[in-house]
Amino acid sequence: MALDRGTEALARLAQERVDHRFKGLPPDADGLTVGELAAQRRNLFTDGFTTPVLALSAERLEHNLRLMETYATRHGLAFAPHGKTSMAPRLFRRQIEHGAWGITLAVPHQVRVARAYGVRRIFLANELVDPAALRWTASQLAADPGFSFVCYVDSVRGVELMDAALRGTARPLDVVVELAAGDGARTGVRTEAECAAVADAVAAAPTLRLVGVAGYEGEVPRADPERVRAWLRRLVALAVGLDRAGRFADAEEIVVSAGGSAWFDAVAAVFTEIPELSVPVLKLLRSGAYVSHDDGHYRKITPFNRVPEEGALEPAFRLWTQVVSRPSAEQAFVNAGKRDAAYDLGLPSAQVVRRDGAERPAAGVEVTALSDQHAWLRTAPDAELEVGDWVGLGLSHPCTSFDKWQLIPLAEADGTVVDYIRTFF
């Protein structure tokens, strides 16, 4: 059987040559293909990897994929995880294999990456008004009857721009009205009356088809469970009102979509309240950070903290660094900084120290600052740390962790690297 376009493209990733472009990989691997290097099953700690090197846990990645697949199924949700988190086609494929309806994305470049690797369903969580990007998207829809694409609209002006760019295209572009999370929130239509005006504009545009409503509850001002649920009920009521007004007459299903990584439990709860509408409802969750989770921001805010009986995500990233200076008993420096570690949602945390093959907790070691290529460590008097030690750092914010690394070793618990994850930012 011939391979589909996405499978062929993923296979070509294994043919890429390893060289100086990829941080942390063994220098003696230069010239090997990624597939050849993966087949060697090198050990992260003993087979030539150089610090700093970011590693993704194979076991924890699989755990997170399975957990969210189970969660979405249990709550009757379709799942389109936000691909901007990783921008890794291999992970997109893993997410789809674990039950994802499709992939959410944010900007046209990301859509092009996903299409290049065979993603058949894309939800663009943004209003698309760039004429070149709209025409390219229309060409994809025309060339592939199986391709499904949905994007936001949040203004009459946006609808007019989209319609002008799409005149003469073969298939209408499916859109959902984005409801803002509140005054001063990010994007989206502020009032129900304005939502109706945008829906009217879509109805008047032959190139567009209104198929639902969406928004992002993570932008609710002073978010707490009560406020978030109240906004989600507004979103559901908007869908009901537009349906009663006949605005989804051409839709095969009505999309109702929300769900970042902080409040998906509220989304699951409120979406159970969606009544029967004129056509079936696609309850679409878009959480993305789960795939690697983290040791900082998302560890603190994950809904699984509120519903521990549902399971727990596991942080899958570890940035391995090396102590390169120990100028005093209170201070040390490792060789990874802002170029290597996410820091927009908190500094990395020192977790473990490796020396001579033995690993122990990084007791008494704290990251206090980052320079471009160094992390500043404060060490307690009893902290045992020497030049040459490897220090494993936990990271906060998956999105800005992935985008600092183009090729990430996927390592098992004993350090065996079984694959490499290519990113496209």
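**Figure 1. The largest pocket of the predicted model.** A pocket is here an open set of grid points, on a 1 Å grid over the protein atoms alone, with protein on both sides within 12 Å along at least five of seven lines. In this predicted model, the largest pocket holds about 560 Å³ of space. Its lining is made up of 31 residues, and those that lie nearest the centre of the pocket are H82, K84, R186, Y216 and G260. Two or more lining residues come from each of strand 4 (121-127) and helix 11 (297-301), and helix 11 makes the greatest contribution, with three residues. Sorted by class, the lining of the largest pocket consists of 14 nonpolar, 11 polar and six charged residues.

**Figure 2. The second largest pocket.** The space in the second largest pocket comes to about 350 Å³. This pocket is lined by 19 residues, of which S57, R318, W320, E412 and A413 are the closest to its centre. At least two residues of the lining are supplied by each of strand 1 (53-57), helix 3 and strand 10 (317-328). The lining of the second largest pocket, when divided by class, has 10 nonpolar, three polar and six charged residues.

**Figure 3. The buried side of helix 4.** Helix 4 spans residues 89-97, and its buried residues are P89, L91, F92 and Q95. Because these residues cover an arc of only 155 degrees around the axis, they are placed on the same side of helix 4. After helix 4 comes G99, which has a positive phi, near 95 degrees.

**Figure 4. Backbone geometry in the loop between helix 2 and strand 1.** Most residues other than glycine have a negative phi, and most peptide bonds are trans. The peptide bond that joins T51 and P52 is cis, with an omega of about -5 degrees, and P52 is located in the loop between helix 2 (34-39) and strand 1. R41 also lies in the loop between helix 2 and strand 1, and the phi of R41 is positive, near 50 degrees, in a residue other than glycine. The relative accessible area of R41 is 45%, so this residue counts as partly exposed.

Figure 5. M87 is found in the loop between strand 2 (78-79) and helix 4. Although M87 is not a glycine, its phi is positive, at about 45 degrees. M87 is classed as buried because its relative accessibility is 1%, which falls under the 20% limit for a buried residue.

**Figure 6. Cysteines of the model.** A disulfide is a covalent bond between the sulfur atoms of two cysteines. With the cut-off for a pair of cysteine sulfur atoms set at within 2.5 Å, the count of disulfides in the model is zero. C195 takes part in no disulfide, and the nearest cysteine sulfur to it, which belongs to C151, is 15 Å away. C195 has a relative accessible area of 0% and is therefore buried. C399 also counts as buried, with a relative accessibility of 10%.

Figure 7. D265 is part of helix 10, which runs over residues 264-271. The relative accessibility of D265 is 13%, so this charged residue counts as buried. When its neighbours within four places in sequence are left aside, D265 is in contact with Y71, P303 and R306.

Figure 8. A411 belongs to strand 17, which covers residues 407-411, and A411 is buried, having a relative accessible area of 7%. If residues up to four places away in sequence are not counted, A411 touches L56, S57, A58, E59, T416 and V417. A411 and R60 are 351 residues apart along the chain, and their C-alpha atoms are separated by 10.0 Å.

How values were computed
Residues are numbered from 1 along each chain as its sequence is written. This is a predicted model: local features need pLDDT of at least 70, side-chain atom pairs count only at pLDDT 80 or more; totals for chains, interfaces and linings use all residues. Side-chain values use heavy atoms; hydrogens and water are left out. Buried means under 20% relative accessible area, exposed over 50%, partly exposed in between (1.4 Å probe, protein chains only). Helices (H or I, at least four residues) and strands (E, at least two) are DSSP runs, numbered from the N terminus. The arc is that of the directions from the helix axis to the C-beta atoms. On a 1 Å grid over the protein atoms alone, a cavity is a set of points where a 1.4 Å probe fits but cannot get out, and a pocket is an open set with protein on both sides within 12 Å along at least five of seven lines; lining residues have an atom within 4 Å of a point. Grid points are joined across faces, edges and corners, and a volume is the space filled by probe spheres set on the points. Contact means heavy atoms within 4.5 Å.
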